[in-house]
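Trainee: I'd like to go through this model with you, one topic at a time.

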Amino acid sequence: MRFDVITLFPELVESVVQWGIPRRAAEAGQLELRTWNPRDWATGVHQAVDDRPYGGGPGMVMQVPPLKGALDAARANGEAPLHVVALTPQGRPLDQARVRELAQRSRVALVCGRYEGIDERFIEAEVDEELSLGDYVLSGGELGAMAVIDACARLRPGVLGHADSAEQDSFTEGLLDCPHYTRPEELDGHRVPAVLLGGDHGAIRRWRRREALGRTWSRRPDLLARLELAGPDRDLLDEYRARHPRGGARSESDD
Ligand code: 9D3
């Protein structure tokens, strides 16, 4: 798939394909990245891409013409129609379901906001959807664009090995992962859970499932609430709860 990223910091965004799995995806021809800098479509002596907000107030707003120039250049470079995503604090928080949908497209444009935000008329005229990384303040959309690219790269065919195949990812199932251990067997008196050393693969599978369910219950009740647990999963979670008194989500009504 091809990403066209509209950004004032092209080198920052390009670094996502210089390392690790996104780099492998790019080398395998499963990922192509182009960047387009609105500065190159700015006019005037100062090449400004931002201006003061109508109505007053702090900060600056990204102007439409440089953004439109960059996006039109991206659109003119290539065949397939562009699905245009803007990374903004007002967007829907990115999740694996959105990633799965985006990863099936052949071309996606990612528009990165900076300053206080983007002139709303650009969003209305050009943007198909807004995405955010979550409810905290970043300096711009670039890290969001890089997150989208990284997460999509992992889902492209042939990019991941069998071992950490995308299907095995417990997030795909809506659960947190179980704990992991490697050598040595003991560290300052902290031992690896005995079941993992025993070679009973049925018992290991059940333990991992119980831990995944239990940790999701205790740390991310919002994720668990979306699931319809089957009977065996309910039993495993009951076992976990019995072993972890008061380990779950606390609410004000508990106090
Ligand atoms: C008045 C409040 N503003 C500044 C504190 C709002 C604001 C404007 C622009 C906050 C952040 C930004 C820049 N951030 C992004 O462009 C952004 C972002 C984010 O801040 N959090 C989570 N996801 C994203 S995606 C793009």
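Trainee: Where does Q47 lie?
Mentor: Q47 lies in the loop between β2 (32-36) and β3 (50-51), where helices (H or I, at least four residues) and strands (E, at least two) are DSSP runs numbered from the N terminus. This is a predicted model, in which local features need pLDDT of at least 70 and side-chain atom pairs count only at pLDDT 80 or more, while totals for chains, interfaces and linings use all residues. Residues are numbered from 1 along each chain as its sequence is written, and side-chain values use heavy atoms, with hydrogens and water left out.

Trainee: And what is phi of Q47?
Mentor: Phi of Q47 is near 50°, which is a positive value in a residue other than glycine. Most residues other than glycine have a negative phi, and most peptide bonds are trans.

Trainee: Then which peptide bond is cis here?
Mentor: The bond from R183 to P184 is cis, with omega near 5°, and P184 sits in the loop between α6 and β9 (186-187).

Trainee: Switching to helices, at what angle do α4 and α6 cross?
Mentor: The axes of α4 (residues 96-103) and α6 (residues 142-153) cross at roughly 70° and come within 9 Å, each axis being a line fitted to C-alpha atoms over the stretch in contact, with angles from 0 to 180 degrees between N-to-C directions. The two helices, α4 and α6, are therefore roughly perpendicular to each other (a word for 65 to 115 degrees).

Trainee: Which residues make that contact?
Mentor: From α4 come V99, L102 and A103, and from α6 come V148, A151 and C152, with contact meaning heavy atoms within 4.5 Å. The residues of this contact of α4 with α6 divide into 6 nonpolar, no polar and no charged (Ala, Val, Leu, Ile, Met, Phe, Trp, Tyr, Cys and Pro count as nonpolar, Asp, Glu, Lys and Arg as charged, and the others, Gly among them, as polar).

Trainee: What about domains, how far apart do their C-alpha centres lie?
Mentor: The C-alpha centres of domain 1 and domain 2 lie 38 Å apart. The domain assignment, which is automatic or from a database, gives domain 1 as 2-153 and domain 2 as 170-243.

Technical notes: Angles under 35 degrees count as roughly parallel, over 145 as roughly antiparallel, 65 to 115 as roughly perpendicular and the rest as oblique.
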